[in-house]
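Could you walk me through this model in the viewer, one selection after another? I would like to know what to pick next and what is there.

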Amino acid sequence: MAVGAKKAVVLLSGGLDSATAVAEAKAAGFEVYALTILYGQRHVVERDAARRVAKALGVTRYVEQTIDLRAFGASALTDEIAVPKDRPAEDMASGIPITYVPARNTVFLSLALAWAEALGAFDLFIGVNCVDYSGYPDCRPDFLKAFETLANLATRAGVEGTGRFVIHAPLLTMTKEQIITRGRELGVDFGLTHSCYDPTPEGLACGRCDACSLRLAAFAGLGLTDPVRYQ
């Protein structure tokens, strides 16, 4: 890392997109502080993947923060609600799916902002995408712009003018195929990642939830084989 490199906090879930976001931050010359939020999701496979990715990409520091959104429920990822399977592409592209976790990215970015201010960092990276996941309200450009405004109003650093917080979403308008291509260019090992909403107890991806379907279709569209294990 170059002397005097700027610090950036990058949200790392262990998935394909967030791993690429970490690689993008490093490629941009940032000293990466990776943050994984354990929010009460139904499995720990994501956490294990995040640890693998953080180690492989050589982040400066990796932190896991634990909260419990199961107390609120209302999502197939945090409640006893079945994860939708085998949905056609047109269904995935319309409406807000039950896998949406209420206000998740708002909560995640708030925690990333707190750590960034403590570090004296002003750059936050998040691997959201509004092309394949247009149904999620907290993956939209308007949301990110609004949160950036909030970050500069709600912090000591922002009010005192010691710096200006910037929310980076380098994958925002990319297709899944483009994200995979870019990640491969940056040296991301997608075999270390995990995207499935409903893995088996052994950690195998189901191959049928929305996340698996989109991921498999993207690899296939590129003429590649997804390196993760499926049941």
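Start by selecting residues 7-11 and 31-38: these are strands β1 and β2, which run parallel and are joined by five bridges. Within this pair, Val9 has Tyr33 of β2 as its bridge partner. The model is predicted, with local features needing pLDDT of at least 70 and side-chain atom pairs pLDDT 80 or more, while totals for chains, interfaces and linings use all residues. Numbering runs from 1 along each chain as its sequence is written, and side-chain values use heavy atoms, without hydrogens or water.

Helices (H or I, at least four residues) and strands (E, at least two) are DSSP runs numbered from the N terminus, and strands pair if DSSP finds at least two bridges between them.

Now show the whole sheet: it is open, with five strands in the order β3-β2-β1-β4-β5 and parallel pairing. β3 (61-66) and β5 (166-168) each have a single partner strand, so one side of each lacks a neighbour in the sheet.

Next, select residues 16-27. This is helix α1, which packs on the sheet and touches β1, β2 and β4 (123-125); contact means heavy atoms within 4.5 Å.

Axes are lines fitted to C-alpha atoms, for helices over the stretch in contact, and angles run from 0 to 180 degrees between N-to-C directions. To see the contact, display Leu16, Asp17, Thr20 and Glu24 of α1 with Lys176, Ile179, Ile180, Arg182 and Gly183 of α7.
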